[in-house]
Each structure stands twice: as structure tokens, then as C-alpha cells.
Amino acid sequence: MAAPVDLELKKAFTELQAKVMDTQQKVKLADLQIEQLTKTKKHAHLTDTEVMMLVDETRMYEGVGRMFILQPKGVIHNQLLEKQRIAEEKIKELEQKKSYLERSVKEAEDNIREMLMARRAQ
């Protein structure tokens with residue numbers, strides 16, 4: 001009778017270990033993406049700050065592929081604001097995903113603890 005329960009616990013531990021490893025990789029990837037997006041957001045903010053200090057008549061060019069297109073200051077400003085907003089949204093999504101992954105691992109660990117407690121209670 002004890003052998004099937006032990007096999008069940010062993011299988012649960014193996015699944016938990018695989019889930020933890022997978023989740024840790026996903027969390028590290030999310031951290032790297034958050035870091036990259038934070039840099040992008042900061043770069044866009046600093047660029048926007050510098051652009052806004054320039055005179056309105058200053059000629060500004062937007063890089064498109066291998067060429068540059070003359071754009072008004074307002075268009076450049078709006079593009080930089082949009083870039084910041086998109087980066088902020090993606091950061092929030094990644095943080096939510098990260099917290100979900102961490103919660104799911106914690107729940108799996110709690111389930112195994114409950115199995116162990118039930119096993120000891122027998």
C-alpha cells in the first residue's frame with residue numbers, strides 16, 4: 001500500500017521540479033524583457049526632453065530604414081510619447097505574467113506540502 005503513495009509523491013516532486021525550472025526560466029526572461037523595455041522607455045524620455053528644448057523651427061529627421069524623413073517637432077514628440085506609453089504597457093503586462101508564474105509555483109509547492117501532511121497523518 002505504501003509503494004503506490006511513494007510513487008505518487010515521487011511523481012509529484014518530479015513534476016514540481018520541472019515546473020519550477022520552467023517557471024524560473026520564464027521569470028528570468030521576463031526580467032530581461034522588463035529591463036530592456038525600461039531602457040527603451042528611459043531613452044525615449046531623455047530624447048523627448050532634449051527635443052522639447054529645441055526651437056520649433058529646428059529641422060528634425062526621423063530615421064526610416066536607411067533613409068531619413070523630415071518631420072515636424074510635434075510628430076517626433078508624439079512618436080516618442082507613444083514609444084514610452086507602449087513600453088510602460090508591456091512592462092505592466094510582463095510584471096503581471098511574472099507574478100502569475102510565481103503564484104502558480106507557490107500553489108504547486110503548497111499542494112505537495114498538503115500531500116506530505118496527509119501522508120504523515122496516515
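These questions and answers walk through a predicted model.

User: Is Thr23 buried or exposed?
Analyst: Thr23 sits in helix H1, which spans residues 2-53. Its relative accessibility is 7%. Buried means under 20%. Thr23 is therefore buried.

User: Which backbone oxygen does the side chain of Thr23 reach?
Analyst: The gap is 2.7 Å. A polar contact needs N or O atoms within 3.5 Å. The backbone oxygen reached by the Thr23 side chain belongs to Lys19.

User: Which residues is Thr23 in contact with, leaving aside its neighbours within four places in sequence?
Analyst: Contact means heavy atoms within 4.5 Å. With those neighbours set aside, Thr23 touches Leu101 and Val105.

User: What is the accessible area of the nonpolar patch on the surface?
Analyst: The patch is formed by Tyr61, Phe68 and Leu70. Leu70 belongs to strand E2, residues 67-71. Leu70 counts as partly exposed because its relative accessibility is 43%. Together the three patch residues have an accessible area of about 360 Å².

User: How far apart are the end C-alpha atoms of residues 77-111?
Analyst: The UniProt record, an unreviewed entry, annotates this span as "coiled-coil region". In the model the span is 100% helix and 0% strand. Its end C-alpha atoms lie apart by 52 Å.

User: Which residue meets Lys73 in a salt bridge?
Analyst: The N to O distance is 3.2 Å. The pair links distant parts of the chain, 17 residues apart: Lys73 is in helix H2 (residues 73-121), and its partner is in the loop between H1 and strand E1 (60-64). Lys73 is buried at 11% relative accessibility. The partner, exposed at 56%, is Asp56.

User: How close are the N and O atoms in the salt bridge of Arg85 with Glu82?
Analyst: Both residues lie in helix H2, three residues apart, about one turn of the helix. Arg85 is partly exposed at 38% relative accessibility. Glu82 is partly exposed too, at 33%. The closest N and O atoms of the pair are apart by 2.3 Å.

User: Where do Arg113 and Asp110 lie?
Analyst: Their side chains meet in a salt bridge, 3.2 Å from N to O. Arg113 is partly exposed at 48% relative accessibility, and Asp110 is partly exposed at 28%. They are three residues apart, about one turn, and both lie in helix H2.

User: Which residues do salt bridges that share partners join into one network?
Analyst: The structure holds nine salt bridges. Those that share partners form one network, joining Glu82, Arg85 and Glu89.

Key: Residues numbered from 1 in each chain as written. Predicted model: local features only at pLDDT ≥ 70, side-chain atom pairs only at ≥ 80, totals over all residues. Heavy atoms only, no water. Helix = DSSP H or I, 4+ residues; strand = E, 2+ residues; numbered from the N terminus. Buried < 20%, exposed > 50% of the residue type's maximum accessible area, 1.4 Å probe, protein only. Polar contact = N/O pair within 3.5 Å; in protein donor to acceptor, adjacent residues only side chain to side chain. Patch = residues over 30% accessible without salt bridge, like charges linked within 9 Å, V, L, I, M, F, W, Y side chains within 5 Å. Areas by Shrake-Rupley, 256 points an atom, 1.4 Å probe, with all protein chains shown as cover. Salt bridge = Lys/Arg side-chain N within 4 Å of Asp/Glu carboxyl O. UniProt positions renumbered as here; feature names shortened; annotations may be inferred.
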